[in-house]
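Trainee: I'm new to this one and would like to learn how to read it, one residue at a time. Can we look at it together?

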Amino acid sequence: MSRYIDRLPEPAKKRPVKVIVATASRTGTRSVFSAMKTLGFKTYHMAECLRQSDNSHMQVLNEAIRAQYDRYSGIKQYTRQDFDKWFAEYDCIIEMPFFLGPEILKAYADDPSIKFILTERDPDKWVTSVNNTIGGIFKTAISFPMNFLKYFNSYLYWFFNLHISLYGALADGTVPGDENNVEALRRNYVSYIDMAKRILPADRLCYFRLEDGLGWEEICPFLDVPIPDEPFPNAYVPEDFKRRVGNLLSPRIRRATLTLVAVAVPVLGLLAHLGFKYHAALKQGL
């Protein structure tokens, strides 16, 4: 099967990856994303994936998730070469390993020039945070009207399809509210953290718990960079997440609605006209 990543042009230049933040989403990754940019890194995070105007990165991530978790997809799993092509513009990668499983960590773990950061949080708090954020997008994606409206805007289509694939992988195909949903999310989170600790080289790994604090003091000495003379970026709570998603989707939803109306009105007019003609024909026949 032809993959989307294979159809993308080869980048003219590739930045060598310097840091991989293997931390799971909803564990302070947005703050670390802002912090790494302040430190001068060209940083890739879900926020970067969603801001690409041509939707290409959402398509790549969706394909990579399906290749990793959907055994019926027929999609070949991504390799180091694919990851290097995908992240060619970036020297710091955040949270992507959590979405993609062990293959991406194994692909980079043997490179002595790369450092790794891994943050862990209380699993039960993590599950609650995921269901309050990504889980909410998933429920919207599979419910009317968005499961229909997304076909009238390409960004909405890939945004919601990506989150269906992503949440499905994290929750073993369960839906928020299902009997086994919380158990599946918790099990997969704990399993990922254990796996990352096994794969990542201890001498190039900065590991800490979110509850113990997250700031410049934990990151800068490990990266051998000076501590900036500014506060560490604030943690993002679910309300911030929902506001950002709303700002991202609202204009696209309006455009999709206008497109739907533009398509539907002529069709309804044609149907009404045909119905009138059919009714008149029936009357004449009688």
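Trainee: Which side chain has a polar atom 2.6 Å from the backbone oxygen of Leu-8?

Mentor: That's Lys-85; a polar atom of its side chain lies 2.6 Å from that oxygen. Keep in mind that this is a predicted model.

Trainee: Where does Lys-85 lie?

Mentor: Look at helix 5, which covers residues 80-86; Lys-85 is part of it.

Trainee: Is Lys-85 buried or exposed?

Mentor: Buried means under 20% relative accessible area. Lys-85 comes in at 12%, so it counts as buried.

Trainee: And which residues does Lys-85 touch, leaving out those up to four places away in sequence?

Mentor: Ile-5, Asp-6, Leu-8, Pro-9, Glu-10, Pro-11 and Lys-14. So Leu-8, with that backbone oxygen, turns up in the contact list of Lys-85 too.

Trainee: What is Tyr-207 in contact with, beyond its neighbours within four places in sequence?

Mentor: Leu-118, Glu-120 and Lys-197. Take Leu-118: it is 89 residues from Tyr-207 along the chain, yet their C-alpha atoms are separated by 4.9 Å.

Trainee: What joins the side chains of Tyr-207 and Lys-197?

Mentor: A polar contact of 3.4 Å. The Tyr-207 side chain also makes a polar contact with the side chain of Glu-120, at 2.4 Å.

How values were computed:
Residues are numbered from 1 along each chain as its sequence is written. This is a predicted model: local features need pLDDT of at least 70, side-chain atom pairs count only at pLDDT 80 or more; totals for chains, interfaces and linings use all residues. Side-chain values use heavy atoms; hydrogens and water are left out. Helices (H or I, at least four residues) and strands (E, at least two) are DSSP runs, numbered from the N terminus. Buried means under 20% relative accessible area, exposed over 50%, partly exposed in between (1.4 Å probe, protein chains only). A polar contact is a pair of N or O atoms within 3.5 Å; within protein, one must be able to donate a hydrogen and the other to accept it, and residues adjacent in sequence count only if both atoms are side-chain atoms. Contact means heavy atoms within 4.5 Å.
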